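Hi everyone, thanks for coming. Today I'd like to walk you through the pockets of one protein.

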Amino acid sequence: MPAEQTSTPSHAAVDRVTEALHAQGVTPEVVWFDDAVTTAQLAADALGVQVGQIANSLVFTLDDEPILVLTSGAHRVDTEWLGGELGGVIGRASKEVVKSATGQVIGGVAPVGHPSPVRTFVDTDLAQYDEVWAAAGHAKTVFPTTFDELVRITDGTPRAVEPNAATA
């Protein structure tokens, strides 16, 4: 595991995430890594957990509305299938849309701490784990949480993000 820094760094987006979590009654233990963890596998390896425990924060557009999909690092979102399930067309959000919707940049998007609420879907595959890890507003940060807590703090909708999970 990359060494945690001895003094806690500060970053505006991480501070907003921490404040948003506190407002929801959550006192996060934000972990800072020496290097960015740019994939779910790198994050899992750094934490010593299964890749499925990593809650990837992916911003898409549903028609033209930004949406946040918190998905297990164990699989990908089937955007064509999920769009059909949600009654629209899902596309990849540009980095400008991600920044505008979340106040954060790709690679560090947290489930909370956004300028205004973002419609959120939480992958039901995350429910199988007692602990999951989500980004805390910066590519070098994560915090532990649970599936139920993610649903609560994001006011998210639990749902499968690929057809195999929906029929399992």
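Predicted model: local features only at pLDDT ≥ 70, side-chain atom pairs only at ≥ 80, totals over all residues.

Residues are numbered from 1 along each chain as its sequence is written, and side-chain values use heavy atoms, with hydrogens and water left out.

A quick word on terms. On a 1 Å grid over the protein atoms alone, a pocket is an open set of points where a 1.4 Å probe fits, with protein on both sides within 12 Å along at least five of seven lines; lining residues have an atom within 4 Å of a point. Volume is the space filled by probe spheres set on the points, which are joined across faces, edges and corners.

The largest pocket has a volume of about 750 Å³. Among its 32 lining residues, Thr38, Ala40, Asn56, Ser57 and Leu58 are closest to the centre. By class, that lining has 18 nonpolar (Ala, Val, Leu, Ile, Met, Phe, Trp, Tyr, Cys and Pro), 12 polar (the others, Gly among them) and 2 charged residues (Asp, Glu, Lys and Arg).

Now the second largest pocket, at about 260 Å³. It has 15 lining residues, and Val112, Pro117, Val118, Ile153 and Thr154 lie nearest its centre. Its lining splits into 6 nonpolar, 6 polar and 3 charged residues. Thanks, and happy to chat!
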